[in-house]
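Subject: Structure for your files

Hello,

Here is the structure I said I would send. Please open it alongside this message.

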Amino acid sequence: VDGALSMSGVQPLQITQGCNPLAETGRSKLQNQRASLNQQIIKEMRMRAGAENLLKATSNNKVRDMVVLELSYVNSNLQLLMEQLEGLNSSVEVYQNLKGTVSIPLIPLGLKETKEVDFSVPFKDFILEHYSEDGANFQDEIDDLMDLRQACRTPSRNEAGVQLLSSYVAHLSLVESRFFTPNRQMGIFFTWYDSFTGVPVCQQNLSLEKASLLFNTAALYTQIGTRSDRQTFSGLEEAIAAFQKSAGVLHQLKETFTHTPSYDMSPAMLSMLIKMMLAQAQECLFEKIALSGIRNEFFMLLRMAQEAAKVGEVYDQVYQSMIQTPIKDNVPFFWSTMAQVKTYHYCSLAHYFVSTALLDHQLKPSDDEDKQEKALSQLYDTMPDGRSPLDILRDKEERRRIGKAHLRRAIMNQEEALRIQGLCRHLRNIDILKDILQASLKRSLAKFEHNTTEGEFTDYMEAPDIISKTEHRAEPELPAATKVKVKDFFHRLGPLSVFSAKQRWTAPRTVRLKMEDRDLGFTLKGDAPVQIQSLDPLCYAAVSGLKEGDYLVAVGDTDCKCMGVSDVIKLLKDVDEEGVDIKVVSMMDSSSQPMPTKSATYSGGLPKTYSMICLAFDDDKNPKARKVAKKPSLLSWGLKNKHKSASTQSLPTGDYSAAMSLHKQSSPLPSAFNDSGLY
């Protein structure tokens, strides 16, 4: 990364590079494998589509038998590729912090892969046709945009990487206003691969591009969270913030892009992912409380029991979401198994803490009886055996009986967590998870044996559920880093409030201006660009073709689309009797533009679908006729400051005051890798 963004969101420095895509890191190797699998999947899907078409077209039985056999091979290959992709989504170890070897692994999201896009020809053609300028003069700006997009394929795993993605999203909004019209396709295809299935989705509008970048921003936050050092308070706070921000970005994606054709960004999948990120944030909140040590004290143990029950509850909600159709068909088995294991693990911790509080702490005369009674009453929905909290606290034998019941539930949950962990091949390979589960089980068994006397009858009392409660609930948080202000790459085309794709003008006309009795025959108004008003129909300029309401875009060889009234007056004040040439454009009626057509969306090898996703059609009517008061002509340039004209132009919707110049970087990728996303 060449530079970083200021916390205010304005880009003062250049950000044109991501991570080195050829670096042999564990994360880059996984991303390279993902890119390779995506290419193989699309190849097999094309073969399957061709075979299915041939099967429909032929009536020759011998040919049909051969095609059916070929289809079985293709489907088998697809199944193997999908399993390999699932394995990549299950490879969580490379994302974990090297110091976090005593913590249960967290699940990150992998970045979506995309194909390279060449903006050059479509943009230059549009600039020539729509803005009547030579597109070759904007090659540097187009290259800067393409370099920025290329850098976004390999963002660094930190806040600078998030801001890199956000800066490109901000530029996309400006590019959309500049070049993308609702009634015309640019011929630019944006292709992104599904993070779970590897199936490519392609669209010609920017909705898929924006949505995929938001998804990658959320994925990057999950990777930041998983790499945090969870053995320190600062590391846990970083992880909590990262997962909450990831949930916030996913929530924004779900609310903004409601009909994305890519399955990994469907509402059902995004809802599940939001729950998973919040569950992982809640787990880190629990670890933060436990980091300084859990005192063997009655109220502390009950508090930790309810905190652990909360973590188990949110993971159970995640698991229930994962096993719903159609999510269960695409979510890695590793994910759902991990969620189930953590559900049982944290529920067992909750019961263990309650059993310890009841078995190790008898009510003493010096204890606050009312406070303990209140704490115990808030632990259950229904008290065990209908006993009152005070009776349980005072009866030593009853405390022991209920405490052992909680221990039995803790042991059963820990045994179930170990059994489920053994069902998943990827989970079996995570030694730290198995060690933590086995250590918890041994601790519970030892405590149960310590509180069991010889010859004691077995009590089959079932411990009641523990009410979950937390002092700090994980909530989605929309990060400020996603709201980046950038300078328009194509600002030389003129202010975006006027010179946008939805506005239509005539081609620039050259008009000769001559001074007549120290008067040009018109006045100027507006900010940038300035407009002609109070035009004298008999003046030399009007006879030469100048019209009321024309926008002045050049004086002589000087471009003045971005100049205000005072700057333009400085250019015109030296006009002599020979005159000067100016260039003007006239706004055309845009009310006759046709309604937008549906944008074709296709997914490789699958039937075409159609979507009206976030089309940029603006149904505003023509700009209202501006009410212009009669202004004095420019009779005397020395009195120009006394005649101030009010601006009638709307301000741009974004702040483009900050300067950012992205310099072209030579691509580190050899041409052989142009079709794959290296990370």
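Predicted model: local features only at pLDDT ≥ 70, side-chain atom pairs only at ≥ 80, totals over all residues.

Helix α10

Helix α10 covers residues 333–360, which is 28 residues. From the first C-alpha to the last, α10 reaches 40 Å, close to the 40 Å expected at 1.5 Å a residue. Most of α10 is covered, with 24 of the 28 residues buried.

Helices α8 and α9

Two packed helices are described by the angle between their axes and the distance between the axes. For α8 (residues 267–291) and α9 (residues 298–322), the angle is about 160° and the axes are 9 Å apart. Angles over 145 degrees count as roughly antiparallel, and α8 and α9 are therefore roughly antiparallel to each other. The crossing of α8 past α9 is left-handed. On the α8 side the contact includes M272, M276, F286 and I289, and on the α9 side the residues include R303, M304, V311, V314 and Y315. Sorted by class, the α8 and α9 contact has 13 nonpolar, four polar and five charged residues.

Helices α4 and α5

Helix α4 (residues 139–151) packs with helix α5 (residues 159–179) at an angle of about 140°, and their axes are 9 Å apart. These two helices, α4 and α5, are therefore oblique to each other. Again the crossing is left-handed, as α4 passes α5. From α4, the residues L145, L148, R149 and A151 meet L164, S167, Y168, H171 and V175 in α5. By class, this contact of α4 with α5 has six nonpolar, two polar and one charged residues.

Two single residues

Is K210 buried or exposed? K210 sits in helix α6, which runs over residues 207–227. The cut-off for buried is under 20% relative accessible area, and K210, at 15% relative accessibility, therefore counts as buried. Setting aside neighbours within four places in sequence, K210 is in contact with L172, S173, E176 and F257.

P529 lies in a loop, between β4 (523–525) and β5 (531–533). With a relative accessibility of 0%, P529 also counts as buried. How far apart are P529 and Y551 in space? Their C-alpha atoms are 6.3 Å apart, while in sequence P529 and Y551 are 22 residues apart.

Regards

Note on methods
Residues numbered from 1 in each chain as written. Heavy atoms only, no water. Helix = DSSP H or I, 4+ residues; strand = E, 2+ residues; numbered from the N terminus. Expected span 1.5 Å × (residues − 1). Buried < 20%, exposed > 50% of the residue type's maximum accessible area, 1.4 Å probe, protein only. Axes fitted to C-alpha atoms, helices over the stretch in contact; angles between N-to-C directions. Parallel < 35°, antiparallel > 145°, perpendicular 65-115°, else oblique. Left-handed = near helix turned anticlockwise from the far one by under 90°. Contact = heavy atoms within 4.5 Å. Nonpolar A, V, L, I, M, F, W, Y, C, P; charged D, E, K, R; others polar.
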